[in-house]
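Here is a friendly walk through one protein model, meant to be read with the viewer open. Take a look at the structure below, and then we can go through its parts together.

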Amino acid sequence: MTAPLDLRSDTVTRPTAAMRRAMAEAEVGDDVLQDDPTTKRFEAAVAERLGKERALFFPSGTMANQAALWVLGAPGTEVYVDAEAHIVHSEVAATAALCGMQVRPVKPVGLVMRAADLEAFVRTPSADAPEASVVCVENTHNGAGGVVSSLDELRAIRTVADRLGLPVHLDGARLWNAAARSGTALEAFAATADTVMVSFSKGLGAPIGACLAGSAEAIRRARIARKRFGGGMRQSGVITAAAHHALEHHLARIADDHAAARQLASVVDGVAGARVVPPDTNIVMIDLPAPRAAEVQARALALGVRIGVWTASRVRAVTHLDAPADRVAEAAPRIAQAIEATFAG
Ligand SMILES: Cc1ncc(COP(=O)(O)O)c(C=O)c1O
């Protein structure tokens with residue numbers, strides 16, 4: 001029997017044979033001593049693609065996001081950030097624990113935080129009110145369903161941040177997807193922020209890692225944060241070789257994941273009252289008519305498809321490198337069947 005198709009996340013991919021070869025053949029050195037040639041080459045290539053002075057490799061996007069907040073912000077202040085952002089819900093309160101800052105969740109009127117939403121949450125200065133030190137944006141927005149914010153929208157947020165005198169961090173774990181979908185250059189998106197995080201272990205299919213890019217001074221300080229957070233790595237070329245391979249070979253195919261996600265959405269939307277957030281990119285959020293996500297998940301698994309529970313009434317399916325279009329096309333009616341069986345009668 002074929003193994004279930006795993007659509008829980010785009011992080012479930014396995015390194016390809018060519019990627020493993022690149023890892024095995026990587027020339028390495030001690031990266032804490034800034035002596036790993038493969039990692040240095042990779043960081044320079046990432047900085048160039050993002051149009052920033054420097055980039056620094058991190059073991060995870062979470063660590064890179066928190067390092068950015070540590071660099072840009074200050075203890076005892078707050079971060080303006082979309083209420084459904086990864087930083088708010090999925091980084092185990094690291095902003096409080098590691099950076100000494102609190103998040104100010106900005107509740108958007110639409111799916112994701114826009115400039116007007118940010119403006120509405122700016123505090124009136126007073127003797128009691130916390131000061132803000134950073135604005136954070138997420139593109140694509142995972143929790144909203146892989147939603148792309150346009151360049152104009154990010155520029156408008158930047159304008160508000162400039163007026164407030166605040167730096168901007170862009171959580172671009174899936175900036176690749178935003179660029180592929182919108183046709184906007186990575187560099188143009190990155191130019192709207194002081195620091196940008198990009199991940200290699202999602203749509204690009206590398207096993208590990210993210211980069212933080214920014215000015216030479218921001219990255220000098222990010223290196224301190226990385227070491228302090230326990231992320232100093234020695235022969236990291238073994239893993240940056242995989243990320244570099246992913247960047248060079250898997251970026252061009254990312255639009256295939258978007259097409260597969262749209263196909264899946266078209267099959268599932270409306271089944272037994274379920275509503276799909278129309279996918280901009282590779283994330284398909286399915287809102288169920290009642291909080292029975294765990295049952296739908298279990299039924300889908302019995303039919304050979306793994307999907308994720310996002311909330312009690314929302315399941316998530318994500319397309320990726322190891323989910324070819326024909327297998328996603330087979331999986332879609334099975335997810336529909338799982339929903340139907342859950343809500344029948
Ligand atoms: C938007 C976003 N930011 C940050 C991260 C964190 O990345 P990591 O899992 O590498 O810590 C994720 C992970 O899914 C994400 O979706």
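## The shell around the ligand

A word on residue classes comes first: Ala, Val, Leu, Ile, Met, Phe, Trp, Tyr, Cys and Pro count as nonpolar, Asp, Glu, Lys and Arg as charged, and the others, Gly among them, as polar. Please also keep in mind that this is a predicted model.

With those classes, the shell around the ligand divides into 2 nonpolar, 8 polar and 2 charged residues. Its members are Ser60, Gly61, Thr62, Asn65, His86, Glu138, Asn142, Asp171, Ala173, Ser199, Ser201 and Ala210. Which helix gives the most to this shell? That is helix α3, residues 61-72, with 3 residues.

## The protein as a whole

The protein has 15 helices and 13 strands. Its C-alpha atoms fill a box of roughly 60 × 55 × 35 Å along the principal axes. For 345 residues, a compact globule would have a radius of gyration near 20 Å, and the protein agrees with that, at 20 Å.

Buried residues make up 51% of the 345 residues. If you take the contacts between residues at least 6 apart in sequence, 74% of them join residues at least 24 apart.

## Helix α3

Is α3 mostly covered or mostly open? It is mostly covered, with 12 of its 12 residues buried. Among these buried residues are Gly61, Thr62 and Asn65, which also belong to the shell around the ligand.

Val135 lies in strand β5, residues 132-138. Why does Val135 count as buried? It does so because 27 other C-beta atoms lie within 10 Å, where the cut-off for a buried residue is 20 or more. Leaving aside neighbours within four places in sequence, Val135 is in contact with Tyr80, Leu118, Ile157, Ala161, Leu166 and Val168. By contrast, the C-alpha atoms of Val135 and Arg223, 88 residues apart along the chain, are separated by 21 Å.

Cys211, not counting residues up to four places away in sequence, touches Glu43, Val46, Ala55, Leu56, Phe57, Phe58, Ala64 and Val198. One of these, Ala64, is a buried residue of α3.

## Backbone details to check

Most residues other than glycine have a negative phi, and most peptide bonds are trans. A few places in this model depart from that pattern. A cis peptide bond joins Asn139 and Thr140, with omega about 0°. Thr140 sits in the loop between β5 and α7 (142-145).

The other two places are Val92, with phi near 40°, and Ala93, with phi near 60°. Val92 lies in the loop between α4 (86-89) and α5 (94-99), and Ala93 is placed in the loop between α4 and α5 as well. Val92 is exposed, with 10 other C-beta atoms within 10 Å. Ala93 is exposed too, with 12 other C-beta atoms within 10 Å.

Key. Residues numbered from 1 in each chain as written. Predicted model: local features only at pLDDT ≥ 70, side-chain atom pairs only at ≥ 80, totals over all residues. Near = placed C-beta within 6 Å. Helix = DSSP H or I, 4+ residues; strand = E, 2+ residues; numbered from the N terminus. Contact = placed C-beta atoms within 7 Å. Rg over C-alpha atoms; globule rule 2.2 N^0.38 Å.
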